Structure formats: structure tokens, C-alpha cells
Amino acid sequence: MKKSISVLLSVILLFGCASFAYADESADTFNSFGAYKHVFIIGVDGCGAAWEKVDSPNFDRIFADNAYRYNAHTEYITVSAQNWGSILTGVAYDVHKFDNGWCENNERDSSSGNNTVFYYARNQFPDAELVSFNNWSAINHGIIENDLNVNKINRGTDPLVVQSIVNYLNSGNEPTLMFVQLDSVDHAAHTYGGFSDQYYKAAEKADGYLGKIYDAVATNGLMKDSLFIVVADHGETVDGHGGQTVEESSAVLGVAGDSVNKMLLSEDVKTRDVASIVLYSLGIEQPEHMTSVLPEGLFGEKSEKTVEPYKTGLLDGLLDSISSFFLNIVVFFYSIFD
Ligand SMILES: [Zn+2]
């Protein structure tokens, strides 16, 4: 009798240990908090959900095995500064209260509160390279604090912004945080209207810019520990933006990285949530005042993802080289006067 009890106890113990070991193994998922050394945020002004309607082969190849949504929620006022402000600070427009006019004409330092992710990155990494490339310089001017030693580079056209980024990465720079604002899609909407052929053409071109930036990050070996984010600030209507229509308040959001799950981001995801994603991936605790949230299920196991570079035809490649040559001449003159 005693012997059979001890056998029974041994069996229970054995099963207990085995199931504990199993549970322990299944709980041992990859911890993405602080797993990334570099974060790239590519902002495409006014692009809204346009890539859902036009050919966007670069967006497709980069985010097909990652996380994305074409219609993440913007702030309720669908204007640039209001939204870039929230994307970078993780608080609602009502809280930071930036508008275009203010940001074009004022600068601020980190004592003014509602700080951007650059502020938290600088606190955590005092010697890190932090950089922001703008076509519309109001973000570098009025949103990103001027006392953080952020390398702020302003270029007046998207091709110049992209060429400058390619040169910057090819020169061996490895930024901890890079923000980019491309403006040509919004510019096309303001010139020709939101649903015009020219607007959609500009969105297709911006997909090409996205591809060039991604390929510069990848070919310089940075994607192994980089998080690559693309986000728009707002969409457009026939005659501008600023209101609450579905078209204006839907904006693309894509997140790519080796521990990002392949998923459609949930329908309540906000563009503002970019702030939480950036802080989490760099291992920075999110301050309590921020109302951005880390999308549920965004991160999972780490497994190396390879994204094939975009294949250009021989003629396109040749035209690209010629245009790079001339863009570099202009970039050279910009750099003299920087
Ligand atoms: Zn805008």
C-alpha cells in the first residue's frame, strides 16, 4: 500500500515537472522591449490610404510579412502639424496644440513639455546620433525640440530629401532614431485636388521614395536590428483637408522588423501609437502622460526576414543614376549652406 502511494506520488511529481517545463518553454517568447538599436520613421504627408488604391510595390514588399493597416486613425483635426505633433509626442492634438502657423514661426525647447520621442531617446542615449530629414521644415523647426542635439536636415523637395538620406546612410551613419517627412503627395493634393490623377501619381512616386530609403537602410546592413515604420499624417478630400471625413482621417501605418508579427493592425490603431512603438522597441519606458498605446500582438518571435530589393529595369536604373548625379550636385550646394 505504502509503496503504491509513493509510486503514485512520483508519477504525479514527474507529470507536474514535465508540464511546468512545457509551460515555461511556451512562455519563453522573445522580448522586444529594447530589442532594436535603430528606429526609422518615414512620414508621407497627405498620403492617407492612397496606397490601397494605387500600385505600391515597395510598400507591399516591405510590409507583406510584417504589420500594417491602410486606415489607422489620425487626430480629429486632419492638418499636418496637429498630426506630426501627435505622432512624435504620443499625446492628442488637444494636449500639444501645435498648428502649422505656430510650427513654421516658432521654436521650442524641452522645457516646454509634451516632448517628442527624440527627447526620451536623447535622455536614454546621450551620445546617440538622432536625425530628422524634412521637406516641410516646420517639423524640424517647431515640433522637434531645439536643445537635444538632433541633426536636423531640411531639403526643399522629396528627391533631395531621399538623395540626402541615401548619402547619409551610405556614409556609414547609424542613427538610433531617424524621422523623415516627405511632402510631395500633400503638395499634389493642394495643387490638383485630393482624388486627382496627379495626387495618385504622386502617391505612386512616394512608394518609390519609400523603397529607396528602405533599400539604403537594408544594404547598409542595418535591418538586422532596425524597426522600420511608415506613417501618413492625414488623407485628403477633393478640396483640401482638416475635417473629419473618412478619407481625411484615415492614414497608412506600417511597422517592419525581425520580431514584428505578420498581421493586420487592429481597427482602433492610431497614428499617434507610433510614439509608443518607438519607445518600446528602443527599451524606453513610456511616460504616464502619453496616451499612445503599443498595438496588441505587434511583436512576437524574432526571426530574420529578408525583403528583396526592388528590381528596376536597365533603362530605369540608368535614368536613376543620371538623376542621382544631378541631385548630388544640388545636395552638395545645400550642404555648403547648411
Ligand atoms: Zn500634412
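This is a predicted model: local features need pLDDT of at least 70, side-chain atom pairs count only at pLDDT 80 or more; totals for chains, interfaces and linings use all residues.

User: What makes strand 5 a partner of strand 1 and of strand 3?

Analyst: The pairing term requires at least two bridges between the strands. Strand 1 (residues 38-44) and strand 5 have 6 bridges and pair in the parallel sense, while strand 3 (residues 130-134) is joined to strand 5 by 5 bridges, again running parallel. As reference points in strand 5, Met-178 stands opposite Phe-40 and Leu-177 stands opposite Leu-130.

User: Why is strand 1 called largely enclosed?

Analyst: Strand 1 is described in this way because 7 of its 7 residues are buried. His-38, Phe-40, Ile-42 and Val-44 point one way, Val-39, Ile-41 and Gly-43 point the other way, and all of these are buried. In a regular strand the side chains alternate between the two faces of the sheet. Strand 1 also runs parallel to strand 6 (residues 226-231), to which 6 bridges join it, and the bridge partner of Phe-40 in strand 6 is Phe-228.

User: Which residues touch the most other members of the largest nonpolar core?

Analyst: That core holds 89 residues, and the ones touching the most other members are Ile-41, Val-180, Ile-229, Val-231 and Val-278. Helix 10 (residues 197-219) gives the largest share of this core, 9 residues. For Val-180, once neighbours within four places in sequence are left aside, the contacts are Ile-41, Ile-42, Gly-43, Phe-133, Val-161, Ile-165 and Ile-213.

User: Why are helix 8 and helix 10 called roughly parallel?

Analyst: Two packed helices are described by the angle between their axes and the distance between the axes. The axes of helix 8 and helix 10 come within 9 Å and cross at roughly 5°. Angles under 35 degrees count as roughly parallel, and that makes helix 8 roughly parallel to helix 10. Where they meet, Asp-158, Val-162, Ile-165, Val-166, Leu-169 and Asn-170 come from helix 8, and Tyr-209, Lys-212, Ile-213, Ala-216 and Val-217 from helix 10. The residues of this contact divide into 8 nonpolar, 1 polar and 2 charged.

User: How do you know that helix 8 and helix 12 are roughly perpendicular?

Analyst: The axes of helix 8 (residues 158-170) and helix 12 (residues 314-337) come within 10 Å and cross at roughly 90°. Since angles of 65 to 115 degrees count as roughly perpendicular, helix 8 and helix 12 are therefore given that description. Pro-159, Leu-160, Gln-163, Ser-164 and Asn-167 in helix 8 meet Ser-324, Leu-327, Asn-328, Val-330 and Val-331 in helix 12. The residues of the contact of helix 8 with helix 12 divide into 5 nonpolar, 5 polar and no charged.

User: What makes helix 3 mostly covered?

Analyst: Helix 3 (residues 80-89) has 10 of its 10 residues buried, among them Trp-84, Ile-87 and Leu-88, as well as Gln-82 and Asn-83. Helix 3 is followed by Gly-90, whose phi is positive, near 75°.

User: Is Ser-266 buried or exposed, and how do you know?

Analyst: Ser-266 has 12 other C-beta atoms within 10 Å, and a residue with 12 or fewer counts as exposed, so Ser-266 is exposed. Ser-266 lies in the loop between strand 8 (263-264) and helix 11 (274-282). Leaving out residues up to four places away in sequence, Ser-266 touches Pro-295 and Glu-296. The C-alpha atoms of Ser-266 and Pro-295 are separated by 7.7 Å, although these residues are 29 residues apart along the chain.

How values were computed
Residues are numbered from 1 along each chain as its sequence is written. Axes are lines fitted to C-alpha atoms, for helices over the stretch in contact, and angles run from 0 to 180 degrees between N-to-C directions. Helices (H or I, at least four residues) and strands (E, at least two) are DSSP runs, numbered from the N terminus. Angles under 35 degrees count as roughly parallel, over 145 as roughly antiparallel, 65 to 115 as roughly perpendicular and the rest as oblique. Two residues are in contact if their C-beta atoms, placed from the backbone, lie within 7 Å. Ala, Val, Leu, Ile, Met, Phe, Trp, Tyr, Cys and Pro count as nonpolar, Asp, Glu, Lys and Arg as charged, and the others, Gly among them, as polar. A nonpolar core is a set of buried Ala, Val, Leu, Ile, Met, Phe, Trp, Tyr and Cys residues joined through C-beta atoms within 7 Å. A residue is buried if 20 or more other C-beta atoms lie within 10 Å of its own, exposed if 12 or fewer, and partly exposed in between; C-beta atoms are placed from the backbone.
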